[in-house]
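Visitor: I am new to this structure and would like to be guided through it. May I see the sequence and the model before I put my questions?

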Amino acid sequence: MTDKLNELTAAGVAVWLDDLSRVRLSSGGLDQLRREKHVAGVTTNPTIFAKALSDADEYNWQLRDLATRDVDVEEAVRMLTTYDVRWACDVMRPSYDGSDGVDGRVSIEVDPRSAHDADKTVAEAKALWWLVDRPNLYIKIPATEEGLSAITDTLAEGISVNVTLIFGLDRYSAVMEAFLAGLEQAKANGHDLSKIGSVASFFVSRVDAEVDKRLEKIGSEQAKSLRGKAAVANAQLAYERYTEVFASDRWKALAAGGAHPQRPLWASTSTKNPDYRDTIYVEELIAPGTVNTMPESVVNAYADHGETRGDTVTGAYDAARKVFADLESVGVDLADVIATLEREGVEKFEVSWQELLDGVTKSLKAAAQGTGAPNKAAKGNAKAADKAGGA
């Protein structure tokens, strides 16, 4: 049988998994995806952790220890999530070593409630970097206006960054500027640029979800004909900007010092509309030097029926610009779309973070009262993964 994910990898797209849980780690499922499905990285967010901690009893033993120590819920969340991320970094270490530090990365996000506070974001990024203590870690920082300076300052400390929640082209350009400035400062601070990594997570399907909603409201046949086109066009034009920035003399000077480019990462790649092909946001965004982070359902869908047709991005810039012009001609305010998505993106992660805090609070109380007894299998798994650390 044709190895479709290998074809995708050979076309220059790194396959990353947009999910993590202790069950996935303890079962060996993540390592199996690395070995058999070409998964070369992992991304997480507050929503993923909220679901993971609500679904499994494998956290019980650690919750009991945390309750015994009478830690507050904020520290408990950090101990639980960094444990999983540290373990995942160790699982992905062969990919990191085999790619000279480009892949094999695992991301953990700063508290989204600090998305508009640069100083808090940098302080938390430094704390997470120290706490996980793995070279293949990425700290996720939202690409808010305030987050831009935090991106630069975090990179300047020699800390690798995954810039998240990018929706618009102008903000993406600002993110690349923040990256270049951060590496320049890191070099001045004496850091080895070859050890610093970064990706820019450009969100895809959410763009179609918001634009399609507006097109439906407009209701004309011309408007309806544009459904499902905005997200891919937006990402294709983002890649055009990427190629321009990373062909500049400014970048070449950093590359000469060992720096790796900040790769575009296509995020939110599961289709929100069941009428669309389930692999559309992979197949239409194949280009060299990119990352596509997918939930396991999309990884499996591509392995089954994905089509790798070579580079589907660099020859599409003019067509993408026409999509933008057509959208504006029917009355879609793209600037408002992007502003709405950024605001809602931060808000959604804040809600998930609160759900995570609420869930851990309940679990800590149960553990303290003895109703959340440690699962024996989970304790065994914890011992097997002691190199990942713990509470």
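Visitor: Which residues point one way from β3, and which the other way?

Guide: This is a predicted model, and β3 covers residues 105-109. The strand is mostly covered, with 5 of its 5 residues buried. Both sets of side chains are therefore described as buried under the cut-off of 20% relative accessible area. R105, S107 and E109 point one way, and the other way point V106 and I108.

Visitor: With which residue of β3 does V42 form a bridge?

Guide: Strand β2, residues 39-42, pairs with β3 in the parallel sense. This pairing runs over 2 bridges. In β3, the bridge partner of V42 is V106.

Visitor: Which residue in β4 stands opposite E109?

Guide: β3 and β4, the latter spanning residues 137-142, pair in the parallel sense over 4 bridges. Together with helix α8, residues 118-132, these strands make a right-handed β-α-β unit. The residue of β4 opposite E109 is K140.

Visitor: In what order do the 8 strands close into a barrel?

Guide: The pairing in the barrel is parallel. Neighbouring strands of this sheet are turned by 30° against each other on average, direction ignored. One of the pairs is β5 (residues 161-166) with β6 (residues 198-203), joined over 4 bridges, where V161 has S198 as its bridge partner. The order of the strands is β1-β2-β3-β4-β5-β6-β7-β8.

Visitor: Does R78 count as buried or exposed?

Guide: R78 lies in helix α6, residues 73-91. Beyond its neighbours within four places in sequence, R78 is in contact with E109, V110, D111, E124, L128, L131 and W353. Its relative accessibility is 13%, and the cut-off for burial is under 20%, so R78 counts as buried.

Visitor: Why are the buried residues of α3 said to be on the same side of α3?

Guide: The buried residues of α3, which spans residues 29-36, are G29, L30 and L33. They are on the same side because the arc they cover around the axis is only 105°.

Visitor: Against which elements do the buried residues of α3 pack?

Guide: The question concerns G29, L30 and L33, the buried residues of this helix. After α3 comes H38, whose phi is positive, near 65°. The elements against which the buried residues of α3 pack are β1 (13-17), α2 (22-26), β2, α6 and α16 (296-305).

Technical notes: Residues are numbered from 1 along each chain as its sequence is written. This is a predicted model: local features need pLDDT of at least 70, side-chain atom pairs count only at pLDDT 80 or more; totals for chains, interfaces and linings use all residues. Side-chain values use heavy atoms; hydrogens and water are left out. Buried means under 20% relative accessible area, exposed over 50%, partly exposed in between (1.4 Å probe, protein chains only). Two strands pair if DSSP finds at least two bridges between them. A crossover is right-handed if, with the strands pointing away from the viewer, the path from the first strand over the helix to the second runs clockwise. Contact means heavy atoms within 4.5 Å. The arc is that of the directions from the helix axis to the C-beta atoms. Axes are lines fitted to C-alpha atoms, for helices over the stretch in contact, and angles run from 0 to 180 degrees between N-to-C directions.
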